[in-house]
Amino acid sequence: MARLRDCLPRLMVTIRSLLFWSLIYCYCGLCTSIHLLKLLWSIGTGPTQTFQRVAREHPPACLNDPSLGTHCYVRIKDSGLRFHYVAAGERGKPLMLLLHGFPEFWYSWRHQLREFKSEYRVVALDLRGYGETDAPIHQENYKLDCLITDIKDILDSLGYSKCVLIGHDWGGMIAWLIAICYPETVMKLIVINFPHPNVFTEYILRHPAQLFKSSYYYFFQIPWFPEFMFSINDFKALKHLFTSHSTGIGRKGCQLTTEDLEAYIYVFSQPGALSGPINHYRNIFSCLPLKHHMVTTPTLLLWGERDAFMEAEMAEVTKIYVKNYFRLTILSEASHWLQQDQPDIVNKLIWTFLKEESRKKD
């Protein structure tokens, strides 16, 4: 009887693990089946258009706009990877490091590069596997530990020991993890449309609506097929994410121009450009939930209420994990792409947060 009591906790952990992975693989299969049906429908209704792809050899002019900053590269000694970033503002000023989400790259921070360069050295990074940053081939190279170490190494390579860290979507996930693992490197933490990672993992298992909204996490576990689905119909899925009524920038938002949209398609239409970004998601279920999860950095969480991928209730719950000053602002009529959707409001809220915290220290 005593032996059974000793074994029971381990047995419960094993059962929970089996149920967890069974859920993941079943949902992966379901999501893949749905996308396969979409592919068959596309081939049936327009076989020529399905496999049509426009060659894009030259970047749109907006990607070389000098008002956004200077294109720079840095090679990390330990990993050997070369990272691309765009920097604005004078060297020596406090560092503001910007981490983009999916499917984005440094350009999603164009409004912030222009806005904050007066007082900060603003650096918008292409994360590992994105844009002009190196993209390792193997899936294991995109574990969360690697992504966290990248940001720490980038700070060291830029000659900074700390920064104002801002992350959106997947970049928000990484920003939370940096603040948890290396709190001494983050002066202020600003996250846009991503809850604390533990809130996300707990919420998704208890709320079917969020499980449905996060279905792409599960679909991305499948090899090569997600990349293929993104590329059909000349990257129609990518265009849909940014422009559709359901997932795109809000009706009252700052809409993407034709050139802005073409910039995204140009970057992700390059050979192999989708594998790195999607590989970020292929390790997530083995890395979460976190063992250490408290955030001790002053934190601002901004949220677009009309986010098609994240339920706003997660933003409210996040505050229990921040043991410092915490402010949450939810913007009605704003979409998931908040810093592009409502750049003026977002920039104003960031300025207020940064100056407010500075006055408290003074």
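Asn-233 lies in helix H9, which covers residues 225-243. The model is predicted.

**Helix H9**

Most residues other than glycine have a negative phi. Asn-233 has a positive phi, near 55 degrees. Phe-235 is also placed in H9, and its phi is positive too, near 65 degrees. Neither residue is a glycine.

Asn-233 has 19%, so it counts as buried. Phe-235 has 1%, so Phe-235 is buried as well.

| Residue | Phi | Relative accessible area |
|---|---|---|
| Asn-233 | near 55 degrees | 19% |
| Phe-235 | near 65 degrees | 1% |

**Helix H4**

Helix H4 runs over residues 144-158.

The buried residues of H4 are Leu-144, Leu-147, Ile-148, Asp-150, Ile-151, Asp-153, Ile-154 and Leu-155. Two aspartates, Asp-150 and Asp-153, are on that list. An α-helix has 3.6 residues a turn, so residues three or four places apart point the same way. After H4 comes Gly-159, with a positive phi near 85 degrees.

**A cis peptide bond**

Most peptide bonds are trans. The bond joining Phe-102 and Pro-103 is cis, with omega about -5 degrees. Where is Pro-103 placed? Pro-103 sits in the loop between strand S3 (95-99) and helix H3 (110-116).

Note on methods. Residues are numbered from 1 along each chain as its sequence is written. This is a predicted model: local features need pLDDT of at least 70, side-chain atom pairs count only at pLDDT 80 or more; totals for chains, interfaces and linings use all residues. Side-chain values use heavy atoms; hydrogens and water are left out. Helices (H or I, at least four residues) and strands (E, at least two) are DSSP runs, numbered from the N terminus. The expected span of a helix is 1.5 Å times one less than its number of residues. Buried means under 20% relative accessible area, exposed over 50%, partly exposed in between (1.4 Å probe, protein chains only).
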